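Please open the model in a viewer and keep the selection tool ready. The stops below go from charged pairs to a surface patch.

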Amino acid sequence: KNMACLQTVCSHIKNLFKGVRYGFRLKMRAVYAHFPINITTTQDNTVVDIRNFLGEKFTRTVNLKPGVTCTPTGNKDEIQVEGNDLEMVTLSAALIHQAVLVKEKDIRKFLDGIYVSEEGTIVQKK
C-alpha cells in the first residue's frame, strides 16, 4: 500500500514537470444528429457558452478551472482546452462534457454531446 501511494506521488510530480515543459491540450468535438450545437467562449476564453443543444433555447454556461483556456481550433464544431495542470485541464473538459449530457432519453439513440477526440501536449516533443 505504501508503494502505491509513493507511485501516485511520483506520477503527480512527473505530470507537473510535463505540464510546465510542454503543457496539456485536449481537443473536443461537438457531435449532433439534427440541431447544431453552438460553442462560444467569453471572458478571455475562460467561460464556455453552449447553445442549441437538442434544440433547446436554454444556454449552458461552463466556468473553466483556473489556469485553463478554451479556444476554437478552426475546424467545424471543434474546441481545444489547454493548460499546464493535467488535472485542471481534464476536469474542465469533464465539466463541458457533463453540461450537455442527455437526460431522461435513451442514450443509445441520443448520442448528441461534446466528446474528447484527441489528447496531447501544446508543444510537440522532439
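**Salt bridges, then a patch**

A search of the whole structure finds five salt bridges, a salt bridge being a side-chain nitrogen of Lys or Arg within 4 Å of a carboxyl oxygen of Asp or Glu. This is a predicted model, where local features need pLDDT of at least 70 and side-chain atom pairs count only at pLDDT 80 or more, while totals for chains, interfaces and linings use all residues. Residues are numbered from 1 along each chain as its sequence is written, and side-chain values use heavy atoms, with hydrogens and water left out.

Select Glu82 and Arg25: their side chains form a salt bridge at 2.8 Å, N to O. Glu82 is in strand β6 (residues 78–83) and Arg25 in strand β1 (residues 24–31), so the pair ties together parts 57 residues apart in sequence. Strands (E, at least two residues) and helices (H or I, at least four) are DSSP runs, numbered from the N terminus. Glu82 is buried at 15% relative accessible area; buried means under 20%, exposed over 50%, and partly exposed in between (1.4 Å probe, protein chains only).

Next, select Glu56 and Arg60, whose closest N and O atoms are 2.4 Å apart in a salt bridge. Glu56 is partly exposed at 32%, whereas Arg60 is buried at 16%.

Then go to Asp77 and Lys76, a salt bridge at 3.2 Å, N to O. Lys76 is exposed at 58%; Asp77 is partly exposed at 23%.

Last, select Val9, Ile13 and Phe17, which make a nonpolar surface patch of about 290 Å². Patches are made of residues with over 30% relative accessible area and no salt bridge, with nonpolar side chains (Val, Leu, Ile, Met, Phe, Trp, Tyr) joined within 5 Å and like charges within 9 Å. Accessible areas come from the Shrake-Rupley method with a 1.4 Å probe; for residues, only the protein chains shown count as cover. Val9 lies in helix α1 (residues 2–21) and is partly exposed at 45%.
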